[in-house]
Amino acid sequence: MTVAKAKPKRSVRRRSGRPTKEQAGRIAEHIVEVATRLFLETSFEATSVDLIAAKARISKQTFYARFVSKEALFAAVIRKGMTDLFAPAAGEADRADPIDATLIRIGVEIAQHSFAPAALALYRLIASEAHQFPQLALAYHESGVRSRELIAGIFTNAMRDNQIRATDARFLAEQFLYVAIEGPVHALVLDGKTARSEKDVRERVAAAVRLFLDGCRERPARGA
């Protein structure tokens with residue numbers, strides 16, 4: 001009786017097709033992470049596609065399959081940075097609280113977020129390339145719209161409650177944020193410093209609050 005020999009099993013070879021949408025997304029995120037580090041360490045001009053591909057351990061073909069240019073990648077880096085750093089906004093204001101306590105609390109929250117090393121690094125990067133990417137610089141500026149609206153709302157409520165005299169709430173909000181937040185950020189970037197201490201942040205915000213409220217409150221009539 002003859003026994004038929006079993007045929008050897010063929011090894012199943014997986015087809016090397018295109019990556020799934022999920023895999024492609026992870027590759028794009030990886031490229032953005034690597035590029036972010038390189039842009040922050042050097043500059044946009046000094047960072048080549050070849051260097052990004054080498055550091056990310058991908059081919060240039062893989063790079064261009066996700067980003068049409070280095071400029072497109074830079075835009076993705078800035079937008080992700082703004083989303084990561086500025087999405088968590090300050091808490092809502094409680095109208096029942098005095099305006100000085102409310103402004104200090106929310107001002108400190110915004111300041112601590114804005115003075116973080118990562119936020120300052122992103123600002124430096126945007127400022128250095130604003131001439132080449134004006135739309136991104138504008139988007140960065142507009143990322144603070146919610147903070148300005150929040151502060152303006154605090155001033156508006158204080159006017160309705162007669163805590164301060166009536167004036168332009170939006171203008172007050174812009175000036176307050178410049179004194180308490182934006183001005184110090186500019187100074188830190190120009191000085192090359194990375195952060196302020198928590199004590200320094202609170203003291204600066206409190207000083208800004210005193211300055212504004214002293215100028216906004218009704219002055220007693222002369223001879224009263």
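Helices (H or I, at least four residues) and strands (E, at least two) are DSSP runs, numbered from the N terminus. This is a predicted model, in which local features need pLDDT of at least 70 and side-chain atom pairs count only at pLDDT 80 or more, while totals for chains, interfaces and linings use all residues. Residues are numbered from 1 along each chain as its sequence is written, and side-chain values use heavy atoms, with hydrogens and water left out.

View 1. Val209 has its place in helix H10. At 1% relative accessibility, Val209 counts as buried (under 20% relative accessible area; exposed is over 50%, partly exposed in between; 1.4 Å probe, protein chains only). Val209 and Ile104 are 105 residues apart in sequence. In space, their C-alpha atoms are 6.7 Å apart.

**View 2. The protein chain as a whole.** The secondary structure comes to ten helices and zero strands. From the N terminus on, the elements run α-α-α-α-α-α-α-α-α-α. The protein chain has 224 residues, of which 35% count as buried.

View 3. H6 covers residues 117-129, 13 residues in total. From first C-alpha to last, H6 reaches 19 Å, close to the 18 Å expected at 1.5 Å a residue. The expected span is 1.5 Å times one less than the number of residues. Buried in H6 are Ala119, Leu120, Leu122, Tyr123, Leu125, Ile126 and Glu129. An α-helix has 3.6 residues a turn, so residues three or four places apart point the same way.

**View 4. The salt bridge between Asp50 and Lys60.** The count of salt bridges comes to three (a side-chain nitrogen of Lys or Arg within 4 Å of a carboxyl oxygen of Asp or Glu). In one of them, the side chains of Asp50 and Lys60 meet at 3.2 Å, N to O. Asp50 lies in helix H2 (residues 49-56) and Lys60 in helix H3 (residues 60-66), so the pair ties together parts that are ten residues apart in sequence. Asp50 is partly exposed, at 46% relative accessible area. Lys60 is partly exposed too, at 39%.

View 5. Arg105 forms a salt bridge with Glu109, with the closest N and O atoms 3.4 Å apart. Both residues lie in helix H5 (residues 99-114), four residues apart, about one turn of the helix. Arg105 is partly exposed, with a relative accessible area of 31%. Glu109 is also partly exposed, at 32%. In helix H10 (residues 198-216), Lys199 and Glu203 are four residues apart, separated by about one helical turn. Their closest N and O atoms are 2.7 Å apart, in a salt bridge. Lys199 counts as exposed, at 58% relative accessibility. Glu203 is partly exposed, at 43%.

View 6. The whole structure holds ten aromatic pairs. Rings of Phe, Tyr and Trp (its six-membered ring) pair if their centres lie within 6.5 Å; planes under 30 degrees apart count as stacked, over 60 as edge-to-face and the rest as tilted. Phe44 and Phe133 form an edge-to-face pair, 5.2 Å centre to centre, with 80° between the planes. The pair links distant parts of the chain, 89 residues apart. Phe44 is in the loop between helix H1 (21-41) and H2, and Phe133 is in the loop between H6 and helix H7 (134-142). Both Phe44 and Phe133 are buried.

**View 7. Tyr123 and Tyr140.** Tyr123 and Tyr140 form a tilted aromatic pair, 5.7 Å centre to centre, with 50° between the planes. Tyr123 is in helix H6 and Tyr140 in helix H7, so distant parts of the chain, 17 residues apart, are linked by the pair. Ring pairs link Phe39, Phe44, Phe74 and Phe133 into a cluster. The charged end of Lys70 sits over the ring of Phe44, 4.2 Å from its centre (NZ of Lys or CZ of Arg within 6 Å of the ring centre and within 35 degrees of the ring normal).

**View 8. The second largest pocket.** The volume of this pocket is about 180 Å³. On a 1 Å grid over the protein atoms alone, a pocket is an open set of points where a 1.4 Å probe fits, with protein on both sides within 12 Å along at least five of seven lines; lining residues have an atom within 4 Å of a point. Lining residues include Val32, Glu33, Val77, Lys80, Asp84, Leu122 and Leu125. H1, helix H4 (70-86) and H6 each supply at least two residues of the lining. H4 gives the most, with five residues.

Methods
Grid points are joined across faces, edges and corners, and a volume is the space filled by probe spheres set on the points.
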